[in-house]
Amino acid sequence: MPRLIIATAATAAPMGAQVYEDEIASRAAGALDALQPGWTVRRSVFRSLRSPLPGDRRLPMGWLATASPRARREVGRLVYPRGAVVHRMGLELPPSPHADVITLHDVVAWKFPDESAPVRAAAEEARRAAAVICVSEFSASEAVDLLGIRDPVVVHNGVDARFFDAAPASPAVLESLGLRGPYVLAAGGASRRKNLEALAEAWPLVHSSRPDLSLVLSGPPHPRRTELFRDVAGVHLVGRVPGDVIPGLIAAADVMVVPSLYEGFGLPALEAMATRTPVVAARTSSLPEVVGDGGILVEPTPGQIAEGVLAAAAGGAGIDAMVLRGRERAGRFTWERSAAAHARVWASLR
């Protein structure tokens, strides 16, 4: 009986990658059964030796990050069942000696010094893997050009159905976050590739024309974000928002702005398109691939970002038509379709 092990790493700060892990893992058995019945599927969540996070396996994660490829292969032989297809959804985890599959969301660890350093053996292991899944054509091209990976498989992320059904958050929920009145939302991290400097320069231009609008920044607290927006008028930092609040927060926004210089996929843009919230995104990396004609694409400069936000917030027939295109486009990106494409990769390796 063929076996699939989905290997993930426990984390205290779930982000977009963890959404992907949960969505694919929860659908893996069903997707495989529809394609090739008889598989057994198990998810293994690895954590460090002293971590209090939930998980079912422990590994010396710090040591693994800098261990040699040979040492990591030996650990893989010990922790994975013989003959199983193993899909590692975190590059820090050791490789499987048989049918090793990895997901490569992006190559930011190799390109941006303020991101986490790459796992020492990751590039070599990716070149040796039985299959490499990339979440966008852009990420696949980066993997080929920068890491020398051959024939990566492109499987787009999906968007959860709850975003299509989301009602705007109630005034009570918004007030609990300190929000009153119309707002523009920017969600995500605060690393340099997120281009928050340009957004911080753009916002006074928006605010001078539309003082009724506020800018809401959600995401894990970060000193860089705090410092950039400390003295910018009309800005609210709401920190990490509970998962059940996020769809309503997006749906209630007048605009979602994604000013990033580099994204492997850009899930917040897709989620906003699903909720019928106008999207303004930078014309960079994977964002045009995801947004298409369902949002306003701008150069990642303060002036262009401000101009796009003001146009989207003004509304009108053109924006309404764009929002409808965005909603229709978001409907093509489903987790069921993504899981089915994953299943075809797994089944090919049994």
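**Group meeting: helix packing, cores and sheet**

Helix 12 passes helix 15 in a left-handed crossing, meaning that the near helix is turned anticlockwise from the far one by less than a right angle, clockwise being right-handed. The contact, defined as heavy atoms within 4.5 Å, is made by Leu270, Met273 and Ala274 of helix 12 and Gly326, Arg327, Arg329 and Ala330 of helix 15. Helices here are DSSP runs of H or I with at least four residues, and strands are runs of E with at least two, numbered from the N terminus.

A word on the source: this is a predicted model, in which local features need pLDDT of at least 70 and side-chain atom pairs count only at pLDDT 80 or more, while totals for chains, interfaces and linings use all residues. Residues are numbered from 1 along each chain as its sequence is written, and side-chain values use heavy atoms, with hydrogens and water left out.

At what angle do helix 12 and helix 15 pack? The angle is about 115 degrees, and the axes are 7 Å apart; axes are lines fitted to C-alpha atoms, for helices over the stretch in contact, with angles from 0 to 180 degrees between N-to-C directions. The two helices are therefore roughly perpendicular to each other, a label covering 65 to 115 degrees, where under 35 is roughly parallel, over 145 roughly antiparallel and the rest oblique.

I turn to the cores. A nonpolar core is a set of buried Ala, Val, Leu, Ile, Met, Phe, Trp, Tyr and Cys residues joined through side-chain atoms within 4.5 Å; buried means under 20% relative accessible area, exposed over 50%, and partly exposed in between, with a 1.4 Å probe and protein chains only. The largest such core has 34 residues, of which Tyr183, Leu185, Leu270 and Val279 touch the most other members. Helix 12 gives the most to this core, with six residues. Beyond its neighbours within four places in sequence, Leu270 is in contact with Gly158, Val159, Phe265, Val290, Ala330 and Phe333. A second, separate core of 29 residues includes Ala190, Ala202, Val235 and Ala313.

Seven strands form an open sheet with parallel pairing, in the order 3-2-1-4-5-6-7; two strands pair if DSSP finds at least two bridges between them. Strand 3 (57-59) and strand 7 (153-154) are the edge strands, each pairing on one side only. Strand 6 (residues 131-134) pairs with strand 7 over two bridges, and Cys134 stands opposite Val154 in strand 7.

Finally, Gly55 lies in the loop between strand 2 and strand 3 and is partly exposed, with a relative accessible area of 31%.
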